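Welcome! Open the structure in your viewer and follow along, one selection at a time.

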Amino acid sequence: MAQKNGFGKIIVTAVIAGALGGGITYGGMSYFNNSDSGTGTSLVSTNKNGNTKISNVKVNLNTQAEKAFNATKNTVVSVINLQRESSSDNTLAGILGGLEGGSGSSGSSKKSGELEASSEGSGVIYKKSGNTAYIVTNNHVVSGANALEIILSDGSKASAKVVGKDAVTDLAVIKITSNKVKDVAQFGDSDNIKVAEPVLAIGSPLGSQYATSVTQGIISAKKREVPQTSESGAQVGNATVIQTDAAINPGNSGGPLINFAGQVVGINSMKLAQDQQGTSVEGMGFAIPSNEVVTIINQLIKSGQVVRPALGIGYTDLSNISEEQQHSVLKLPKSVTQGAVVLKVNSGSPAQRAGIKKYDVITELDGTKITQQSQLRDVLYKHKIGDKISVTYYHKGNKETGSITLSQRATNKVLSEASK
């Protein structure tokens with residue numbers, strides 16, 4: 001998602017300044033080289049053979065990449081997140097407007113509550129039904145919006161409404177009137193993609209002024225696990241995504257990653273710009289696999305949210321508990337060093353019905369060893385309500401096993417440590 005901060009103007013200015021600087025430097029170098037030669041020749045030379053012409057040879061590259069792009073480009077849109085101005089009284093224009101006009105307004109100031117573009121992203125039209133067209137994008141592209149505006153590939157604009165959104169997968173469905181929509185995108189099977197397979201990313205990097213930009217790369221990894229964090233910065237789980245080296249920049253969020261058949265195999269969501277040590281990274285973009293996208297957007301169309309199973313507990317990582325309390329309060333044997341500590345059990349929850357109590361330590365769920373608390377969410381979200389899964393936990397130092405029938409619902413919010 002691109003923030004509205006004048007990137008386009010800055011880039012253009014930098015290019016022009018670079019061109020002028022190069023010309024000035026080159027001219028200065030030419031001048032001194034000629035003047036130092038001591039030959040007495042003129043600084044201005046003529047070329048009597050100035051008859052260079054443009055070749056009339058045409059290159060006809062009707063490539064598969066071009067075909068794929070042409071099949072999809074008209075379905076890609078820019079998504080403008082509009083938010084209300086809180087107040088302009090503290091701006092210079094607001095102050096001067098108040099002094100001169102007496103009403104706090106001027107020709108250049110903005111009124112409190114006026115909508116303005118907060119950020120921009122991309123989206124892809126995937127369905128047309130009657131007078132409505134549906135667009136899939138990222139949840140973070142539409143988050144916090146007071147209104148949404150869509151710019152179609154032909155430049156026409158349309159207002160959009162949110163159908164449903166899911167913070168866990170970072171997906172959202174929005175809708176517009178379909179009177180100007182001619183094409184819809186097709187989803188491919190993301191399970192069938194191959195590492196090193198060529199792909200294209202289409203979107204609006206840095207905003208709608210670069211709409212329908214296309215970059216080419218390959219699939220770097222089919223199923224890469226990357227950490228997901230809540231709004232507070234706490235890791236809440238891992239997302240399984242497609243890794244690609246196709247250039248993905250702010251503003252590409254929500255746009256399609258397509259194969260050379262023109263099918264959408266992923267929705268571009270994020271990129272890695274630097275690692276935890278601050279080392280700059282290039283060519284590491286990530287997309288939500290199309291198979292997961294289809295599952296989520298179908299639920300969003302149906303009910304406006306994604307319903308997932310939950311244990312009905314609050315918990316924390318065992319590493320957050322001091323070693324002394326692990327033995328004195330939790331009564332854990334020294335051999336147990338990893339797990340999720342139950343801090344709260346909701347009444348009537350699946351966990352309570354399975355016999356789990358406060359201060360129990362879950363070490364294994366559905367056959368997966370719990371080495372960190374975020375794994376609980378990852379295991380749960382692979383299942384649906386009604387599934388029965390195994391659980392291993394320690395109660396007052398004793399190892400217990402049992403089964404949990406998943407029946408409690410978790411909505412589309414990214415869940416915190418106290419709400420699983």
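Start by selecting Ser335, Val336, Thr337, Gln338, Thr363, Glu364, Lys369, Ile370, Thr371, Thr392, Tyr394 and Lys399, which line the second largest pocket. A pocket, on a 1 Å grid over the protein atoms alone, is an open set of points where a 1.4 Å probe fits, with protein on both sides within 12 Å along at least five of seven lines; lining residues have an atom within 4 Å of a point. Strand 17 (361-365) and strand 19 (388-395) each supply at least two of the lining residues; strands are DSSP runs of E of at least two residues, and helices are runs of H or I of at least four, numbered from the N terminus.

A note on the model: it is predicted, with local features needing pLDDT of at least 70 and side-chain atom pairs counting only at pLDDT 80 or more, while totals for chains, interfaces and linings use all residues. Residues are numbered from 1 along each chain as its sequence is written, and side-chain values use heavy atoms, leaving out hydrogens and water.

Next, select Tyr359, in the loop between helix 7 (350-353) and strand 17. Tyr359 has a positive phi, near 75 degrees, and is not a glycine.

Now select Val136, Leu171, Leu200, Ile267 and Val293, the residues with the most contacts inside the largest nonpolar core, which has 23 residues. Such a core is a set of Ala, Val, Leu, Ile, Met, Phe, Trp, Tyr and Cys residues that are buried (under 20% relative accessible area, 1.4 Å probe, protein chains only) and joined through side-chain atoms within 4.5 Å. Helix 5 (290-303) is among the contributing elements, and helix 5 gives the most, with 4 residues.

Definitions and conventions
Buried < 20%, exposed > 50% of the residue type's maximum accessible area, 1.4 Å probe, protein only.
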